[in-house]
Number of protein chains: 2
Amino acid sequence: MSGKERLPVRGAQGDLLRLVATGHAESRAQLARISGLAASSVSLRVEELIDAGLLVEEGSGTSRGGRRPRRLRVSPTAGLLAVADLGAHHARLGLLDLSGAPLVVEERACDIALGPEATLDWMAASFDELLLTHGPPGVPLRGVGTGMPGPVDPASGRVVSPSRMPGWHNFPVAEHLGAHYDLPVLVENDANLLAVGEARSWPGCDNLMVLKAGSGIGCGVIVDGRLHRGRGAAGDISHVRVRADSSTMCSCGHPDCLEAYASGAALMGALSEFGIATRRPGDVVALVEDGVPEATALVRNAGRLIGEVLTVLVNFLNPDAIVVGGSLSTAEPLISSIRAAVYERCLPLATRDLEIAVTRGGPDAALLGAGSLLLDAVLG
Amino acid sequence: MSGKERLPVRGAQGDLLRLVATGHAESRAQLARISGLAASSVSLRVEELIDAGLLVEEGSGTSRGGRRPRRLRVSPTAGLLAVADLGAHHARLGLLDLSGAPLVVEERACDIALGPEATLDWMAASFDELLLTHGPPGVPLRGVGTGMPGPVDPASGRVVSPSRMPGWHNFPVAEHLGAHYDLPVLVENDANLLAVGEARSWPGCDNLMVLKAGSGIGCGVIVDGRLHRGRGAAGDISHVRVRADSSTMCSCGHPDCLEAYASGAALMGALSEFGIATRRPGDVVALVEDGVPEATALVRNAGRLIGEVLTVLVNFLNPDAIVVGGSLSTAEPLISSIRAAVYERCLPLATRDLEIAVTRGGPDAALLGAGSLLLDAVLG
DNA sequence: CCATCTTCCTTCGAAATCGAAGACAAAGCG
DNA sequence: CGCTTTGTCTTCGATTTCGAAGGAAGATGG
């Protein structure tokens with residue numbers, strides 16, 4: 001593997017490179033405006049970055065009434081990032097260039113129940129394979145990152161108290177991956193990565209709640225443009241008590257958690273009581289689209305419960321938008337019931353300019369989020 | 001009035017002065033560490049600030065094994081801030097020096113129902129009086145700030161849709177005060193000011209929820225060390241739906257809002273149905289301390305309801321601490337029921353290091369918060 | 001086509017910042 | 001006491017950044 005050399009950027013150069021890489025700026029003038037540096041300083045540093053082969057000039061942008069800007073891009077040869085989004089039974093793996101744009105993305109079957117060592121070694125092998133088949137020769141790997149379907153302590157890179165990951169509790173994921181690669185390693189909760197990825201598609205929205213509705217219910221929170229982690233566990237909404245007709249026990253030991261009614265797993269369980277078999281949350285969406293009334297009713301109820309929980313959070317956080325992602329997000333009744341509940345019950349002041357919408361970032365949003373966070377680590 | 005001259009600080013000088021003023025640093029070495037500037041640059045700028053009469057050296061600090069730092073303080077002659085915390089029937093008014101330390105604080109009766117013009121003119125007159133009687137001669141006023149018992153749009157300085165402030169909707173408070181003083185003017189929600197003030201007493205806690213339990217229920221949110229405003233309305237928890245035995249309509253038009261059960265006003269109303277008359281939320285606390293069972297039961301129930309709402313927010317925001325302030329905060333049963341509800345129902349991961357405590361900042365915390373935010377405006 | 005405007009980018013001297021080296025001042029310890 | 005350790009603060013030359021001015025390149029509008 002060719003690529004243990006550190007990126008030769010520091011200080012202002014790193015800032016500028018990051019701004020271009022993350023898509024916040026694509027001309028010298030924009031860089032000057034956003035970074036706060038003087039235009040002359042920007043020109044100097046950009047010159048150096050181009051000489052170092054990290055940036056390239058590529059065509060010119062559009063202008064309304066002035067000289068066209070010379071568009072800047074991160075050089076395709078500047079480096080690669082290997083990123084993954086690990087799910088219970090499958091993982092998305094990809095290579096990104098240093099602008100965070102994907103070169104390859106593949107979805108592969110896997111099984112996290114095999115335990116951390118087996119899964120992470122499989123992941124590393126998959127990365128190596130991707131690099132071999134799709135990595136441009138001579139372009140070094142600069143960082144590795146992955147999302148986990150459970151709580152992560154980002155400082156130590158460990159998974160903590162995951163509910164659906166037997167054998168993973170307290171396993172040092174970052175350290176284990178770091179043994180394969182002597183590079184910056186990022187380990188983060190999957191909903192958080194989704195949130196960071198989505199944030200790129202919502203310019204101007206500095207405060208976002210990004211719901212991931214799949215087998216479980218996760219939520220990533222963007223405050224002031226940055227991922228909010230709290231003490232490491234922020235974003236949990238799945239164990240909020242909801243007002244339900246019946247009374248169901250959640251795996252956490254409390255009754256009537258949101259997760260016990262509105263998660264994909266809960267919906268699948270409820271459907272099986274009607275004698276309807278499903279294998280994954282996406283099957284529930286298919287049933288809804290086919291007009292199966294039991295499925296529609298269940299999804300609608302799930303949306304209402306989620307919406308009622310969001311009500312509290314919307315009044316409290318007053319975000320710019322709520323974004324719904326995850327495999328259940330394509331179920332139209334889910335999002336419309338969420339909308340109805342939120343708009344009905346929240347303060348007008350909080351919903352005045354609130355947008356509630358499905359993912360804009362596409363299926364690779366979480367991978368892009370991983371790239372975005374990794375860039376911060378790589379461009380120190 | 002002596003004092004329309006701008007503070008002659010800009011750029012790095014302002015940053016350094018702000019760090020000393022807010023108490024984040026009190027020596028050159030600390031300034032260098034926190035600001036990120038080189039020690040030599042810090043020394044240069046500090047020299048200039050001392051020459052300009054804005055900083056003074058005062059004694060020396062403590063050291064464990066090295067030369068003692070020369071302690072820096074903002075000069076008492078650098079300027080004054082006039083701050084107020086407006087309540088429904090009384091206001092606290094004070095003068096602070098530029099380190100945010102109070103020179104005088106007074107509590108005076110007033111009535112916001114008289115309308116914005118009368119109230120704000122009264123406030124300005126009170127400020128002038130304080131300056132005349134307590135302001136050191138020759139020390140200029142640098143900024144004016146006030147807290148409002150209702151939602152505030154901080155950008156425009158207007159009060160929006162206040163529930164208990166007839167005649168104030170959309171009134172340009174900042175502009176009106178600005179007509180008296182040609183100075184930076186700050187207008188902010190009272191719970192937000194309390195939160196900022198409290199944050200000074202919770203070093204190391206970057207994420208705080210500060211509850212203000214008085215006639216109403218407000219909440220200020222500190223995320224990443226800074227006040228979170230969202231789109232301007234963040235922090236509302238009073239109109240969350242709670243699980244109550246009966247069904248009560250709230251003034252906002254929805255049933256079973258937290259405010260309808262747990263606010264000081266609601267408690268007073270409930271007590272009057274028992275034939276117990278109270279005039280202010282503090283009277284309820286006195287009844288509790290006297291062991292009046294109806295009062296204790298009501299307060300305990302209020303705490304439980306508040307705690308259940310906080311449950312959701314704690315899991316979501318994962319803060320370092322919940323601070324309870326406001327006139328009801330001294331009622332012991334309130335805080336213990338809040339604690340019980342939160343610790344019982346929240347995720348262990350979220351409550352592991354969570355502290356739930358009453359105000360540390362004392363009665364002037366909101367004024368200190370106003371000072372803190374004003375400093376940011378003054379030391380631009 | 002030409003004057004005019006806007007925006008982008010560079011040039012160059014002035015100013016701010018950095019960083020390494022060292023002076024200064026105390027605490028800890030034999 | 002002297003010696004080491006730790007930490008604070010200043011000096012000074014090298015580097016970086018700033019900002020004003022102007023050149024470059026295109027849009028706009030007669």
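Predicted model: local features only at pLDDT ≥ 70, side-chain atom pairs only at ≥ 80, totals over all residues.
**View 1. The surface around DNA strand D.** Around DNA strand D there are 26 residues, and those that come nearest are Ser40(A) and Arg67(A) from one chain, with Ser43(B), Gly66(B) and Arg67(B) from the other. At least two residues of this surface are supplied by each of α3 (39–51) of chain A, α2 (28–35) of chain B and α3 (39–51) of chain B, and α3(A), with four residues, gives the most. Sorted by class, the surface near DNA strand D holds 12 polar residues, seven nonpolar residues and seven charged residues.

**View 2. The surface around DNA strand C.** DNA strand C is surrounded by 25 residues, of which the closest are Ser43(A), Gly66(A) and Arg67(A), together with Ser40(B) and Arg67(B). Here α2 (28–35) of chain A, α3 of chain A and α3 of chain B each supply at least two residues, while the largest share, four residues, comes from α3(B). The surface near DNA strand C divides into 12 polar, seven nonpolar and six charged residues.

**View 3. The relation between chain A and chain B.** Chain B is superposed on chain A, with an RMSD of 0.1 Å, by a rotation of 180° that has 0.0 Å of shift along its axis, and the two copies are therefore related as by a two-fold rotation axis. Within chain B, the C-alpha nearest this axis belongs to Leu313(B) and lies 3.5 Å from the axis. The same surface serves both copies, since 100% of the contact residues of chain B recur in chain A.

Methods: Residues numbered from 1 in each chain as written. Chains lettered and ligands numbered in written order. Near = placed C-beta within 6 Å. Nonpolar A, V, L, I, M, F, W, Y, C, P; charged D, E, K, R; others polar. Least-squares fit on C-alpha atoms with pLDDT ≥ 70 in both. Contact = placed C-beta atoms within 7 Å.
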